[in-house]
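Subject: Structure for you to look at

Hello,

Here is the structure I said I would pass on. Please open it and keep it beside this message while you read.

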Amino acid sequence: MTGSNEMPIPGTEQEQDNGRAPTGFRYIWQQLIISKTGMFGAVLVLLVVLIAIGAPLLTSHDPAAVNPLNRLKPPAWLEGGTAEYWLGTDNLGRDMWSRIVYGARVSLIVGMGAVIVSGIIGAILGLVSGFYGKWVDAVIMRVGDAFMAIPTILFMLVVMAIVGPGITTLIFVIGVTNWVPFTRVVRSEVLSIKERDFVHAARSIGAKNGRLILKHILPNILSSFIVICGMNVGTTIIMEASLSFLGLGIKPPDVSWGGMLSDGRQYVATSWWVATFPGLAITFTVLGVIFLGDWLRDVLDPRTETTQK
């Protein structure tokens, strides 16, 4: 029996009829399908992820194998190219396709790993800063201002020059130097949520600070936190490529798109493919992450009206 005072079930047509937006995976999937930019970004990101996972199955050459006899072979569709090296070879005779594919692994590992590190640091500091306020907030924000005052790339260059290159080191350095945006976003959300009635009600019945943060505030900032994480992956990939381009990021035998760009810059006029293909890989990957992150912001941020493009 259905009455006029019956509460709507979340995510159902009844809820939609009452003017409330549905939530959940089904709603997000529906929004992704009707969003051109969101779908384009999702397809690009998914393609890069699948390529990185299936790297051994998609390549027939060792990306680090040097063969001077095949040095600077053009792509298969150009004169002098062969189907064996369909994207050509670099200045040391290494297969470009294999290096692009294995480079995707490094970019994704560093990109997501560094965002996880900076996200954890930023979320903890943002929660503490926004919830406790006063001198705790002042100290954390001034430390954040100090980090922002130093050019990020310069700071990372100094640290990497001292510590030395490597994937683990790179993830740690980028993560530690990029926590401020996460802290500021989380802090602003906490400052708003902690003044809401349900938090005051929980406090009035004796809920401790730890329970208030973990059970009542943290779940309500997850959407904004996911958005800022998604949009920072692209920035992190560019940071990794920049450091590798300068020789302070990923070192051989590991493959990096930034390192490939560095190897090919002196052959741009004669062997354009050596620098062009890794540049395109970086461009399309970052574009995919940006489009997907922009769509996530529209869908998950309650302050933004979802406008499908």
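Below are the findings, grouped by part of the chain.

This is a predicted model, in which local features need pLDDT of at least 70, side-chain atom pairs count only at pLDDT 80 or more, and totals for chains, interfaces and linings use all residues. Residues are numbered from 1 along each chain as its sequence is written, and side-chain values use heavy atoms, with hydrogens and water left out.

Two helices

Helices here (H or I, at least four residues) are DSSP runs numbered from the N terminus, as are strands (E, at least two). Buried means under 20% relative accessible area, exposed means over 50%, and partly exposed is in between, using a 1.4 Å probe and protein chains only.

Helix α2 spans residues 25-34, and Tyr27, Gln31 and Leu32 are buried in it. These residues are on the same side of α2 because they cover an arc of only 135° around the axis; the arc is that of the directions from the helix axis to the C-beta atoms. An α-helix has 3.6 residues a turn, so residues three or four places apart point the same way. The exposed residues Phe25 and Arg26 are on the face of α2 turned away from its buried side. The cover over the buried residues of α2 includes α3 (36-53) and α13 (273-300), where contact means heavy atoms within 4.5 Å.

In helix α8 (residues 167-177), the buried residues are Leu170, Ile171, Val173, Ile174, Gly175 and Thr177. They pack against α5 (96-132), α6 (134-149), α7 (152-163) and α11.

Annotated spans

The unreviewed UniProt entry carries the annotation "transmembrane region" for residues 39-58, 106-133, 153-180, 221-250 and 270-293. UniProt positions are given in the numbering used here, feature names are shortened, and annotations may be inferred rather than shown by experiment. In the model, residues 39-58 are 95% helix and 0% strand, with the end C-alpha atoms 24 Å apart. Residues 270-293 are 88% helix and 0% strand, and their end C-alpha atoms lie 37 Å apart.

The cavity

A cavity is a set of points, on a 1 Å grid over the protein atoms alone, where a 1.4 Å probe fits but cannot get out; lining residues have an atom within 4 Å of a point. The whole structure has 1 cavity of 30 Å³ or more. The largest cavity holds about 40 Å³ of space, and its lining is made up of Phe147, Ile150, Pro151, Thr152, Phe155 and Thr177.

Single residues

Most residues other than glycine have a negative phi, and most peptide bonds are trans. Which residues have a positive phi without being glycine? Leucine 72 is one, with phi near 55°; leucine 72 sits in the loop between α4 (55-58) and α5 and counts as buried at 17% relative accessibility. Lysine 134 is another, with a phi of about 50°; lysine 134 lies in helix α6 and is exposed, at 73% relative accessible area.

The peptide bond from proline 252 to proline 253 is cis, with omega near 10°, and proline 253 lies in the loop between α11 and α12. Glycine 247 is in the loop between α11 (209-245) and α12 (257-264) and is partly exposed, with a relative accessible area of 26%. Its C-alpha atom is separated by 8.4 Å from that of proline 165, although glycine 247 and proline 165 are 82 residues apart along the chain.

Regards

Note on methods: 1 Å grid on protein atoms, 1.4 Å probe; cavity = no way out; pocket = protein on both sides within 12 Å on 5 of 7 lines; lining within 4 Å. Points joined across faces, edges and corners; volume = space filled by probe spheres on them.
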